[in-house]
Amino acid sequence: MSIDLNMLEWARAQFAMTALFHFFFVPFTLGMSFIVAFFETIYVKTGKAEWKEITQFWQLIFGINFALGLSTGIIHEFEFGTNWSTYSWVVGDLFGAPLAVEGIVAFFMEATFAAIAFFGWKRVSKGVHLAASWLLAIGSNLSALWILIANGFMQHPSNEFGVFNIDNSRLEMTNFWDLITQPVAQVKFLHVVSAAYTLASVFVLGISALYLLRKKHVDFAKKSAAVAAAFGLVASIFTAFIGDEHAYEVANTQPTKIAAAEGLYVGEKGAPIVAFGIPKNLPAKDVTSNDQAFVFKIELPKMLSLLGKRNPNAYVPGLKDLIDGNPEYGIWPLSKLAKIGAEAREDLRKYHEAKKTGDTAAMEAAKADFYKVVWSDPKLGLKLTKADLIGYGYFANPNVNPEFIHPPVPPVFYAFHIMVGLGFWFILLFLIAWVKVIKGTFENATLVQKLAVISVPLPWIATSFGWMTAEIGRQPWTVFGVLPTAESVTPIALQNVQATFFMFLTAFVILGIAELKILFTVVKSGPKGAH
């Protein structure tokens with residue numbers, strides 16, 4: 001199939017725009033749902049009216065975000081069918097199953113308990129309303145779980161839970177339990193939700209600090225800040241901890257992503273982490289040393305080996321290794337992977353040609369070759385077949401640059417390092433704020449309050465860059481190692497994609513302005529009856 005590369009880039013741009021705009025709402029919803037539940041729990045436990053007032057104020061902000069996040073999510077899912085129908089056909093059995101569960105279980109759970117939580121204050125008892133708030137929070141986070149299970153499959157597909165069916169040329173699920181318990185998805189879910197809790201905590205702390213700086217709603221702000229500082233400190237520390245586990249999983253399942261994130265072109269034993277640097281955008285073939293790939297850098301010795309391999313002296317492959325191969329460490333060159341992938345494609349073609357003519361013997365021969373094991377590890381019980389490498393056949397095309405096997409280094413490097421740097425800042429901010437809260441001096445700590453206010457937009461930057469690290473870092477694949485992005489797109493006219501791009505852009509700008517205007521109005525008005 002001939003792909004219009006201009007249309008491909010427009011389709012990618014539209015999907016990225018929708019994803020980033022949708023992700024503006026998602027972490028806020030996940031985090032605020034639990035903070036609201038915490039506030040209401042304190043209200044029910046103490047019976048004090050001021051905690052009900054606090055709960056209702058933050059619930060209003062949560063509700064505004066919840067409604068807009070829902071609408072953008074629906075648009076996002078429709079794009080799989082419009083611009084990425086080849087992807088939907090090839091992997092729909094695996095990708096669609098967790099999304100179906102998300103819609104049937106989590107979405108209906110959210111819808112049911114959102115109605116009680118938002119409109120049931122005077123209609124149900126305190127206990128029922130509190131239960132609804134907690135179940136809404138749990139439902140929101142379960143929704144994220146199923147979506148990230150689907151995304152985890154894209155990051156690290158495995159023949160433990162899915163195989164390529166030669167009869168219909170698509171991936172099919174073989175083990176639902178292995179799909180939902182895949183380590184990549186689970187650690188990714190924990191990292192995303194803990195980052196969401198951090199984001200919501202920074203928001204509540206920052207708005208509370210704003211009220212204190214303006215000497216308004218002081219008691220409300222002090223109580224809100226205390227809960228946000230405590231929850232945020234725990235969440236931000238856990239985000240860093242689980243982020244380390246996530247990086248370990250990525251290093252061992254997507255070596256090109258971790259190499260790009262650290263600007264590692266040449267593999268090293270005892271590889272360092274670049275704490276700060278300015279990478280150059282160079283072809284891997286032109287790089288002979290990692291120093292050559294940077295304008296300037298500050299390194300932490302052996303930390304990448306420790307992070308990625310749990311051994312400070314371990315070998316971490318660079319981008320050149322992943323193109324040229326490294327026999328010493330059992331890394332196959334791209335040329336070998338591409339050759340096997342091309343053979344798998346040819347077997348697939350032969351099978352269907354034989355199927356058309358009714359040649360059963362030829363069908364069986366092609367099928368046996370298609371599923372031939374090309375690598376195995378009996379100790380670990382792992383094996384790799386030609387079918388598992390079919391996506392690499394894309395690189396057998398002489399017109400495809402081998403450099404495309406890895407993502408662009410500067411965008412992934414900067415996105416990853418900004419995310420990590422901001423993550424450590426949030427830990428420090430919450431630690432200082434919590435110490436002030438414990439000492440009873442947060443009300444007068446104007447410098448800390450100003451830092452909290454300034455920090456309000458930073459978690460959105462951190463989570464967006466985190467998502468960009470994950471998605472740009474996976475390129476050139478939609479499903480890593482299986483389905484290239486260039487072969488996932490719908491073969492439609494460029495003008496159609498451009499038209500919907502600008503239509504969605506206009507809608508998102510309007511929705512974004514409306515969201516911010518409503519939020520600013522609510523924050524400016526403050527909690528009803530607070531003093």
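To start, what relative accessible area does Arg-310 have?

Author: Arg-310 has a relative accessible area of 36%, so it counts as partly exposed; that label sits between buried (under 20% relative accessible area) and exposed (over 50%), using a 1.4 Å probe and protein chains only. Keep in mind that this is a predicted model, where local features need pLDDT of at least 70, side-chain atom pairs count only at pLDDT 80 or more, and totals for chains, interfaces and linings use all residues. Residues are numbered from 1 along each chain as its sequence is written, and side-chain values use heavy atoms, with hydrogens and water left out.

As for where it sits, Arg-310 is in the loop between α9 and β6 (helices are DSSP runs of H or I with at least four residues, strands are E runs with at least two, and both are numbered from the N terminus). Its backbone deserves a look as well: phi of Arg-310 is positive, about 60°, although the residue is not a glycine. Most residues other than glycine have a negative phi.

Now the side chain. Arg-310 forms a salt bridge with Asp-244, and the closest N and O atoms are 3.0 Å apart (a salt bridge is a side-chain nitrogen of Lys or Arg within 4 Å of a carboxyl oxygen of Asp or Glu). Because Arg-310 lies in the loop between α9 (303-309) and β6 (315-316) while Asp-244 belongs to helix α7, the pair ties together parts that are 66 residues apart in sequence. Asp-244 is partly exposed too, at 26% relative accessibility.

Lys-223 forms a salt bridge with Asp-219, with the closest N and O atoms 3.0 Å apart. Asp-219 counts as partly exposed, at 34% relative accessibility.

A search of the whole structure finds 16 salt bridges. One of them joins Arg-474 to Glu-471, with the closest N and O atoms 2.7 Å apart. This pair is tucked away: Arg-474 is buried at 3%, and Glu-471 is buried at 19%. Elsewhere, salt bridges that share partners link Lys-339, Glu-343, Asp-347, Asp-369 and Lys-386 into one network.

Ser-169 is found in the loop between β1 (162-165) and β2 (170-173), and with a relative accessible area of 21% it is partly exposed. Then there's the peptide bond from Gln-475 to Pro-476, which is cis with omega near 15°. Pro-476 sits in the loop between α15 (458-472) and β9 (477-479). For context, most peptide bonds are trans.

What about the greasy parts? In soluble globular proteins, nonpolar side chains tend to be buried together. The largest nonpolar core holds 144 residues, and those touching the most other members are Trp-58, Ile-61, Tyr-87, Val-91, Phe-95, Phe-153 and Leu-205 (a nonpolar core is a set of buried Ala, Val, Leu, Ile, Met, Phe, Trp, Tyr and Cys residues joined through side-chain atoms within 4.5 Å). Helix α6 (residues 183-213) gives the most to this core, with 17 residues. Setting aside neighbours within four places in sequence, Leu-205 is in contact with residues including Ala-225, Ala-228 and Ala-229 (contact means heavy atoms within 4.5 Å). A second, separate core has seven residues, among them Phe-21, Leu-68, Phe-501 and Phe-508.

Finally, how far can you trust the picture? The protein chain averages a pLDDT of 91, and 99% of the residues score at least 70 (pLDDT is the predictor's confidence in each residue, from 0 to 100).
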